[in-house]
Amino acid sequence: MSQQNKLINSLARPELVEMMPYQSARRLFASSEQSAANNVWLNANEAPGDGAYQVQASNINRYPDFQPENLLNGYSQYTKLPKSQLLATRGADEGIELVIKAFCRAYQDNILICPPTYGMYGISAQAQGVGIVEVPLVNNQLNVKAIAEQKGNVKVLFLCSPGNPTGNLLPKAQILQVLERFKNDAIVVVDEAYIEFSPTSSMQDLLDSYDNLVVLRTLSKAFGLAGLRCGFTLANSAIITMLSKVIAPYPIAAPVAEIASQALTQDGVKQMQAQAASINRSRDALSQWLAQQAWCKRVFDSSANFILFECSDKDEIFNLLKAQNILIRDQSKQPQLENCLRISIGSEQELTLVKTILSQALDTNTQVPVSTKV
Ligand SMILES: *Cc1c(COP(=O)(O)O)cnc(C)c1O
């Protein structure tokens with residue numbers, strides 16, 4: 001180890017020395033790599049196709065508003081919630097961080113997560129010196145009884161619905177039981193990053209009944225704006241006020257607010273909804289196709305823009321696609337997900353390519369043209 005590393009490791013918070021940063025899809029495969037231009041990106045649940053947005057960037061010499069008015073108006077119209085119940089953040093990831101920051105004391109308090117689940121809850125807690133209690137999903141649903149036993153031991157619970165990487169919605173009855181059980185003891189965060197693919201399943205309406213509920217949303221998935229870094233926290237105004245104390249002073253860059261506001265006009269929302277409906281159809285068709293493949297052992301139900309599936313040999317499938325510059329996500333290191341891969345629903349063209357490559361390499365019995373198998 002170099003002198004420099006030794007010094008910095010000895011000065012840093014000890015738990016950070018061994019900590020692994022979040023292995024985001026983009027850290028695993030950078031989009032700026034030479035070869036990346038031709039890649040088909042089906043590993044980060046982004047939307048296919050880039051939108052056309054205008055940026056004026058006037059007044060760029062001035063700091064932006066803390067919460068840009070147009071942006072908040074747009075999201076307020078979209079959710080039908082008052083602005084006092086919304087906080088715009090740098091992606092839903094910042095919402096996760098702020099909830100932990102506002103409600104958990106370092107080296108004392110714990111969050112609760114239900115693996116297999118989204119990685120940033122744990123990373124954010126670790127980065128802030130907060131403990132993590134794991135209550136694994138059972139058949140992709142909550143183990144409500146085991147969660148309830150953690151009353152008094154955890155300050156924030158993270159429930160992901162639709163779940164990433166599992167894809168399914170959590171039963172509303174279970175979420176209600178958890179909210180009820182912890183109503184005087186802990187904040188229950190329902191991460192709805194993918195809710196636009198199943199809009200009637202949002203828990204947003206429960207905000208009136210449960211003071212401990214926080215709902216997380218993002219423009220990164222259905223709205224197709226992952227590069228923008230814009231998300232929203234939905235909660236009662238007391239929680240929003242608390243989170244506002246720990247957020248950066250100018251969290252939303254002016255060009256970000258400009259573009260996001262365009263995406264949140266009535267037209268923009270209509271376009272997003274049409275694209276989400278089309279992605280849902282492609283997803284269902286791909287699920288059916290996967291279920292028919294001999295090498296595919298299981299297809300998980302999905303209410304989101306991706307599918308988790310179990311293979312007899314996940315490396316073979318992953319590498320066949322990788323060799324053709326198609327990137328999907330290996331989820332096999334998550335508990336309960338041995339041999340599982342996750343594929344994002346890209347464009348029809350991209351998905352046809354995936355099916356063609358896998359059929360050509362793996363169809364040993366019949367050489368039926370791919371299009372007739374869908
Ligand atoms: C993608 C994702 C997020 C983070 O989204 P950003 O707004 O891009 O930070 C949060 N939660 C889940 C479950 C996700 O899949």
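## The ligand and its pocket

In this predicted model, the ligand takes up the space of the largest pocket. On a 1 Å grid over the protein atoms alone, a pocket is an open set of points with protein on both sides within 12 Å along at least five of seven lines, and a molecule sits in a pocket if more than half of its atoms lie within 2 Å of its grid points.

Around the ligand stand 13 residues, the closest being Ala92, Asp191, Thr218, Ser220 and Lys221; a residue is near a molecule if one of its heavy atoms lies within 4 Å of it. Helix H5 (residues 91–103) gives the largest share of this shell, three residues. Helices are DSSP runs (H or I, at least four residues), numbered from the N terminus.

By class, the shell divides into five nonpolar, four polar and four charged residues. Ala, Val, Leu, Ile, Met, Phe, Trp, Tyr, Cys and Pro count as nonpolar, Asp, Glu, Lys and Arg as charged, and the others, Gly among them, as polar.

## Two cavities

The structure has two cavities of 30 Å³ or more; a cavity is a set of grid points where a 1.4 Å probe fits but cannot get out, and lining residues have an atom within 4 Å of a point. Points are joined across faces, edges and corners, and a volume is the space filled by probe spheres set on them.

The largest cavity has a volume of about 90 Å³. Of its 14 lining residues, Cys114, Thr117, Leu137, Cys160 and Gly163 are the closest to its centre. Its lining holds eight nonpolar, six polar and no charged residues.

The second largest cavity holds about 30 Å³ of space. Its lining is made by Leu286, Leu290, Phe309, Ile343, Val354 and Leu358, with helix H11 (266–291) and helix H13 (348–362) each giving two or more residues. These residues divide into six nonpolar, no polar and no charged.

## Reading the numbers

Residues are numbered from 1 along each chain as its sequence is written, and side-chain values use heavy atoms, with hydrogens and water left out. Local features need pLDDT of at least 70 and side-chain atom pairs count only at pLDDT 80 or more, while totals for chains, interfaces and linings use all residues.
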